[in-house]
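Trainee: I have a model open and would like to learn how to read its packing and its ligand site. Could you walk me through it?

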Amino acid sequence: MTTTNDQLIAWVDDIARLTRPAKVHWCDGSEAERDQLIAQMLASGELLELNQDTHPNCYLHRSDPTDVARVEHLTYVCTADPADVGPNNHWMAPDEAHQQMDALFDGCMEGRTLYVIPYCMGPIDSPYARSGVQITDSPYVVVNMGLMTRMGRKALARIERGERFVRGLHSVGELDPERRFIMHFPEALTIKSYGSGYGGNALLGKKCHALRIASWQARDEGWLAEHMLIVGVESPEGETHYLACAFPSACGKTNLAMLLPPASHAGWKIWTVGDDIAWLHVDDSGQLRAINPEAGYFGVVPGTNPKTNRNAYDMIRHDAIFTNVAVTEDNQPWWEDKGEGTPALDWQGRPWSPGNGKAAHPNSRFTVSAQQNPAWSPRAEDPRGVPISAIVFGGRRRELAPLVYEAQDWQHGVLVGAGMASETTAAATAKVGVVRRDPMAMKPFCGYNFADYWAHWLQIGERTTTPPKVFHVNWFRQDEDGRYLWPGFGENLRVLRWIIARCAGRIDARDTAIGRLPHPTDLDIAGLDLSAETLESLLAVDTAGWREELGQIGDYLDEFGDRVPDALHEVRARILSRLD
Ligand code: OXD
Ligand code: MN
C-alpha cells in the first residue's frame, strides 16, 4: 500500500531519509496486519501472551521502568511567539526545537521498520473529524493506534480527498529519559515525540493531536477540543440527555462514562459516547454538539472490579492489551483492587510476595476497542455528534468543593472551569496528591495560552442559542479520618439525575454565593448509608474557605496577565461580594 497524495509521499520520504529505517510499512488497518504485528511482538518479547482460556486475545506489554507515564516537564509547544503558549506550557522556538529533535531522529530507525499510520479522529464520515498520519518505529504503537483511532485505508482515503492532516513523527529511540521530548508545532500541525513508548507520549492521536494540536486548530476554526467524557443518561421514560464532563487524569472519567446504574435505579441506562476526549461544535441551529474523536479506551486498570465498573471489568476480559499490570500464577492479568486472584509476578516481571509494594503499576493501563463496551452508545458513530445538555467540571478535592453545584450562567461556568483544582495522580510523572490548578482538566493538554482559551470559551457560549448549564461535582470529599463521604461509582447517577432535572427545568435549587446547590430533599439518597449530617456537609458552602479559594483563583488568573478576559475578573468579584 502507498498513496496518491504527493505531500504525504514527500514527507514520508524525508523522514525515511532522516531516520534510515531498514523497511517502510504503510499500515492498512486490516486484521491480517494486526495479527502479523502481534505474532512479531510475541516472538520479540515485546508482548507476552496472557492466559488465553480466561482472557482470549489478551496480551501484556511491560514498558521500560523509566517510561510509565506522561512526561509533562518534557512536553513543549513550539510557536513563533512564546506569549501564544502562555505560562501553562513549556515553550521552545520552532527552529531550535526542530534542530534538537532532528538530531535525535537522525539514523534512529536503523535496522527497524518505519510504520506509516494514517488515522482519523472522529467518525470517519463526520465533518467534525480530523485526519492525521503518525510515523513510528514501534509495532506496539501501531496496534494501540489501531484500537484507539479509525486507522488505515479509510483514513487514508480522507487524506487523499485533500484534507489537511496532522503530521506526527515518533520513535522510541533508546528509551533514555535524558533523551526524551514531546514537541508540538501547532502552527505547522506537526508533532515530534522521541524516547518514550508510553501512552500519551507515544500514541500521538490521543493527547498530542486530539488535545494539544486540536485545541489550537479548534480556536482558529471556532470549536473546542476538550479533556472530557461524553455520556448519555436515559431515564426510564426514555428521555436521554448527553453530558460532557471534564475531570483531570485518573479521576474516574472512564468509570463515569460507563457507569452501571445501581439496583435502586431500575430502568435507567447509561450510554458511553467517549471516556476521555470531546470535540465540541456549535451547529447551525446554535446547539452545542459533541463527537468523541477516539475509537477506543486507554484506561487506568487498578481499581477496576465488578463493583466499581462492571462494564469495564467485562470489557477487558478479551481482545485487550494490558500495559504494566501484574500476572497471577496461571498468567491472568492482575491489579490492585481487582477483587480476585493473587499476583505472582509484578509489573516488571519480578516475583511478587505480600509486603513487596504494589504489584501492578498505579498507572497501568488497558487498551480496548470502544465497541467492546457493553454501554457503547449507538450514537457514538453519529457524524453529527450528540447534543450536549450540560457541561460538568470536577476535581479530586478532599475539602471545600461540595458534591455538586450549578454555575449561575455560562460566564460563571467558565470561571468555575478556569478555577478548577485537583490532587495530582499517577497519570503523570510527578508528586501524587498535591492540589494544583487544572483549568477545565486541560493543564497538561491545552496547546495555547489559557487566557486566550478562556476568551474562546466565552465566545463559544455566545454563539449558542442557549448555552448548556455548567456544573461542578466532587466525588472525593473526605472526613478528618480520610473516609470518603460519598459512595461514588454507580451512585454518582443520583447526582447526574439532579443535574438532568435542572437542565430539563423540572426542579429549582438553593441559590448560594458560589452557585446553585440541591435542596437536600431533591437529591435521591434512598437506600444509601448516608446520614443527614453527612449530606449536609457534602452540600455545605464554607464561606471562609471559599473566600480564600477565590483569592487563590484571583492570584492564579493574574499569572496570565492582561490577556485574561475581563468577564472572568468581574464574575470573581461578583462572587466575592456575594460571599461577604
Ligand atoms: C490519559 C490521561 O491517559 O489523561 O487519559 O493521562
Ligand atoms: Mn485523559
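This is a predicted model: local features need pLDDT of at least 70, side-chain atom pairs count only at pLDDT 80 or more; totals for chains, interfaces and linings use all residues.

Trainee: What describes two packed helices?

Mentor: The general idea is that a packed pair is described by the angle between the two axes and by the distance between them. Here, take H10 (residues 410–418) and H11 (residues 450–463): their axes are 10 Å apart, at an angle of about 150°. H10 is therefore roughly antiparallel to H11, because an angle over 145 degrees counts as roughly antiparallel.

Trainee: Is the crossing of H10 and H11 left-handed or right-handed?

Mentor: H10 crosses H11 in the right-handed sense.

Trainee: Which residues of H10 and H11 meet?

Mentor: From H10 come Trp410, Gln411, Val414 and Ala418, and they meet Trp454, Trp457, Leu458 and Gly461 of H11. Sorted by class, this contact of H10 with H11 holds six nonpolar and two polar residues, with no charged ones.

Trainee: Let me try the next pair. At what angle do the axes of H14 and H15 cross?

Mentor: For H14 (residues 543–558) and H15 (residues 566–579), the angle is roughly 160°, and the axes come within 10 Å. That angle makes H14 roughly antiparallel to H15. The H14 and H15 crossing is left-handed. Among the residues making the contact are Trp546, Leu550 and Ile553 of H14, and Leu568, Arg572 and Ile575 of H15.

Trainee: How do the residues in the contact of H14 with H15 divide by class?

Mentor: There are eight nonpolar, four polar and three charged residues in the contact of H14 with H15.

Trainee: On to the ligand. Which residues are around ligand 1?

Mentor: Start with the neighbours, then look at individual atom pairs. Around ligand 1 you find Arg70, Lys206, Lys207, His227, Ser249, Asp276, Arg365, Ala427 and Phe445. Now the pairs: Arg70 places a polar side-chain atom 2.9 Å from an oxygen atom of the ligand. For Ser249, a side-chain N or O atom is 2.5 Å from a ligand 1 oxygen, and for Arg365 the corresponding distance is 2.9 Å.

Trainee: Finally, where is Arg384 found?

Mentor: Look in the loop between strand E23 (365–369) and strand E24 (386–394). Arg384 is 103 residues from His281 in sequence, yet their C-alpha atoms are 9.5 Å apart. Leaving out residues up to four places away in sequence, Arg384 touches Tyr128, Arg289 and Arg379.

How values were computed. Residues are numbered from 1 along each chain as its sequence is written. Chains are lettered from A and ligands numbered from 1 in the order in which they are written. Side-chain values use heavy atoms; hydrogens and water are left out. Axes are lines fitted to C-alpha atoms, for helices over the stretch in contact, and angles run from 0 to 180 degrees between N-to-C directions. Helices (H or I, at least four residues) and strands (E, at least two) are DSSP runs, numbered from the N terminus. Angles under 35 degrees count as roughly parallel, over 145 as roughly antiparallel, 65 to 115 as roughly perpendicular and the rest as oblique. A crossing is left-handed if the near helix is turned anticlockwise from the far one by less than a right angle, and right-handed if clockwise. Contact means heavy atoms within 4.5 Å. Ala, Val, Leu, Ile, Met, Phe, Trp, Tyr, Cys and Pro count as nonpolar, Asp, Glu, Lys and Arg as charged, and the others, Gly among them, as polar. A residue is near a molecule or strand if one of its heavy atoms lies within 4 Å of it. A polar contact is a pair of N or O atoms within 3.5 Å; within protein, one must be able to donate a hydrogen and the other to accept it, and residues adjacent in sequence count only if both atoms are side-chain atoms.
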